[in-house]
Amino acid sequence: MHETKIIDYVTLLNQLEIKRGDNIMLHADLRVFGRVKGGYNFIIDELLKLVGSEGTIATPSFTFSFPDTFDLSNSRSKIGGLTSLFSKHKNVQRVPDGMTSYYLLGGRSREFIDNWDNTSYGEYSILGQMVKFDGLVLQLDTDILSLVHYVEQKVNVPYRALKRFEGEVISNGKSYYSHTDFYARIRDVKKIIPDPIRSEFYAKNARCVMFNGRTVRSFRMKDYVDFATAKLTKDKMLLVE
């Protein structure tokens, strides 16, 4: 098994043109790093150093808890090992969303949470706000991309519709009732894999680098949204069959 050193990772981030002030949505399969001396915390720490105090990094921590209780501190994400790293960071903040929460670190974390509009993919969802601030997607050996559903809602695809999920949120020992408007599937359709929009966009617009024999990439969220919106507006069933 290969071994990743911190300098290798920093070099990779520089190749992907990560810079001070960037607001980054991070998706990662930690297996891309193989063995890591001292643990995986450097993945977050080195990224925070690069974006500086002005930048923000985020990752999904979806739980789909509602109508059951969502505990901001203790409800575990259903999405991979990266969320465990975020959850243990001393400065992490979490969106009080009982369906599609995010962990946030850095500059605009509090602002994004305060302006969140109780939607998963709406204008002031975490994704929507990051698009407005010229956010960057960083994918480390994964094709996971929450922005797909943001674009589906933007163009109003016929196989999804807004559905309100409600439940109790526990935060700092206090509880309150809340809701999330989630863009849920309402028709029995099957996703086309590979996703034809992502495949074309990655080939034309993403910065791709091979790392430990695996693909990592970065791209501007707005670039993807503009590209995908044009494609999906022409054919709203392009992603499903």
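How do H1 and H2 lie to each other, oblique or roughly parallel? In this predicted model, helix H1 (residues 6-15) packs against helix H2 (residues 42-51) at an angle of about 45°, and their axes are 10 Å apart. Angles under 35 degrees would count as roughly parallel and those from 65 to 115 as roughly perpendicular, so H1 and H2 are oblique to each other. The crossing in which H1 passes H2 is right-handed. On the side of H1, the contact is built from Ile-6, Tyr-9, Val-10, Leu-13 and Asn-14, and on the side of H2 from Phe-42, Ile-43, Glu-46, Leu-47 and Leu-50. By class, eight residues of this contact are nonpolar, one is polar and one is charged.

The contact of H7 with H8 comprises six nonpolar residues, one polar residue and four charged residues.

H7 also leads the eye to a sheet. This helix lies across S6, S9 and S10, and runs at about 85° to S10. The sheet in question is open and has seven strands, in the order S4-S5-S2-S1-S6-S10-S9, with mixed pairing. At its edges are strand S4 (93-94) and strand S9 (207-211), each of which pairs on one side only. S9 and its partner, strand S10 (residues 214-220), are joined in the antiparallel sense over five bridges, and Met-210 stands opposite Thr-215 in S10.

Another open sheet is made of three strands in the order S3-S7-S8, and its pairing is mixed as well. Strand S3 (70-71) and strand S8 (174-185) each have a single partner strand, so one side of each is left without a neighbour in the sheet. Strand S7 (residues 160-171) pairs with S8 in the antiparallel sense over twelve bridges. In this pairing, Ser-171 is found opposite Lys-174 of S8.

Helix H6 brings several of these elements together. Helix H6 (residues 147-155) is mostly covered, with seven of its nine residues buried. The buried residues of H6 are Leu-147, Val-148, Tyr-150, Val-151, Glu-152, Gln-153 and Val-155. Their cover includes helix H5 (126-132), strand S6 (136-140), S7, S8, H7 and H8. Just after H6, Asn-156 adopts a positive phi of about 60°.

Finally, the segment after H8 holds Met-237. Leaving aside residues up to four places away in sequence, Met-237 touches Pro-158, Tyr-159, Arg-187 and Val-189.

Key:
Residues are numbered from 1 along each chain as its sequence is written. This is a predicted model: local features need pLDDT of at least 70, side-chain atom pairs count only at pLDDT 80 or more; totals for chains, interfaces and linings use all residues. Side-chain values use heavy atoms; hydrogens and water are left out. Two strands pair if DSSP finds at least two bridges between them. Helices (H or I, at least four residues) and strands (E, at least two) are DSSP runs, numbered from the N terminus. Axes are lines fitted to C-alpha atoms, for helices over the stretch in contact, and angles run from 0 to 180 degrees between N-to-C directions. Angles under 35 degrees count as roughly parallel, over 145 as roughly antiparallel, 65 to 115 as roughly perpendicular and the rest as oblique. A crossing is left-handed if the near helix is turned anticlockwise from the far one by less than a right angle, and right-handed if clockwise. Contact means heavy atoms within 4.5 Å. Ala, Val, Leu, Ile, Met, Phe, Trp, Tyr, Cys and Pro count as nonpolar, Asp, Glu, Lys and Arg as charged, and the others, Gly among them, as polar. Buried means under 20% relative accessible area, exposed over 50%, partly exposed in between (1.4 Å probe, protein chains only).
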